[in-house]
Amino acid sequence: MKIEDNRVVSIHYVLTNETGETLDSSEGQDPLTYLHGTGSLIPGLERELAGKAVGDELEAVISPADAYGEQDDALIREVSRSAFEGVESLEPGMQFQANGENDAVQLITVVKVEEELVTVDANHPLAGVILNFSVKIEDVRGASGDEISHGHVH
Ligand code: ZN
């Protein structure tokens, strides 16, 4: 059975950046299982997986446009230190969840901490990053009617 829309697909994967550093991996865990064609994976990876079958392995290089987008400087902002009241030692690299536009939860990363101001970056941590995926397809099955109507795997 080949990977196409409305198939439930399980993959093992290793994600590395351009310098070969591992960013994410399913190694030692259950495979990642998703419903193909619903946008649950980044678009570039779903496109590479389409048409593949169980046992296939692939290496895919995904550009930011097909992954988490380019870095947007408008998403880097200075906020008042008081917005972090209760956080004892605020340091660059710390990540927080914030309510962005339309109440969507946004992950923000602290870039710089000054006495009065904190610079935060609301870009996705992988924005602007070229992603290298090494993938092995573990399972492909047809989705049930419920899974298709709900848009996710049961
Ligand atoms: Zn459901």
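How many bridges pair S6 with strand S7 (residues 105-113), and in which sense do the two strands run? In this predicted model, S6 and S7 pair in the antiparallel sense, and five bridges join them. One of the paired positions sets Ala98 against Gln106 in S7.

## The four-stranded sheet

The pairing of S6 with S7 belongs to an open sheet of four strands, arranged in the order S5-S8-S7-S6 with antiparallel pairing. From one strand to the next, the twist averages 45°.

Thr119 is located in strand S8 (residues 117-121), and its relative accessibility of 10% places Thr119 in the buried class, because buried means under 20%. Leaving aside residues up to four places away in sequence, Thr119 is in contact with Ile76, Arg77 and Glu78, and also with Thr109, Val110, Val111 and Lys112.

Leu107 lies in strand S7 and is partly exposed, with a relative accessible area of 33%. With residues up to four places away in sequence again left out, Leu107 touches Gln95, Phe96 and Gln97, together with Asp121, Ala122, Asn123 and Pro125. Leu107 and Asp121 are 14 residues apart along the chain, and their C-alpha atoms are separated by 8.6 Å.

## Strand S1 and its partners

Strand S1 is mostly covered, eight of its 10 residues being buried. S1 pairs with S9 in the antiparallel sense over 10 bridges. With strand S3 (residues 32-35), S1 forms four bridges, also in the antiparallel sense. Val8 has a bridge partner in each of these strands: Arg141 in S9 and Leu35 in S3.

## Aromatic pairs

Two aromatic pairs are present in the structure. In one of them, the ring centres of Tyr13 and Phe133 are 6.4 Å apart and the ring planes meet at 50°, so the pair is tilted. This pair links distant parts of the chain, with Tyr13 in strand S1 (residues 7-16) and Phe133 in strand S9 (residues 131-142), 120 residues apart. Both Tyr13 and Phe133 are buried.

## Salt bridges

Side chains of opposite charge can pair when their charged atoms come close. The count of salt bridges in this model is three. In one, the side chains of Arg7 and Glu4 meet at 3.7 Å, N to O. Arg7 counts as buried at 19% relative accessibility, whereas Glu4 is partly exposed, with a relative accessible area of 42%.

Another salt bridge joins Asp66 and Arg47, whose closest N and O atoms are 2.8 Å apart. This pair links distant parts of the chain: Asp66 is in the loop between strand S4 (57-62) and S5, Arg47 is in helix H1 (residues 43-49), and the two are 19 residues apart. Asp66 counts as partly exposed at 21% relative accessibility, while Arg47 is exposed, with a relative accessible area of 54%. In the salt bridge of Arg141 with Glu147, the closest N and O atoms are 3.0 Å apart. Arg141 is partly exposed at 32% relative accessibility, and Glu147 is buried at 3%. Arg141 is also the bridge partner of Val8 in S9.

Definitions and conventions: Residues numbered from 1 in each chain as written. Predicted model: local features only at pLDDT ≥ 70, side-chain atom pairs only at ≥ 80, totals over all residues. Heavy atoms only, no water. Pairing = 2+ DSSP bridges. Axes fitted to C-alpha atoms, helices over the stretch in contact; angles between N-to-C directions. Buried < 20%, exposed > 50% of the residue type's maximum accessible area, 1.4 Å probe, protein only. Contact = heavy atoms within 4.5 Å. Phe/Tyr/Trp six-rings, centres within 6.5 Å; stacked < 30°, edge-to-face > 60°. Salt bridge = Lys/Arg side-chain N within 4 Å of Asp/Glu carboxyl O.
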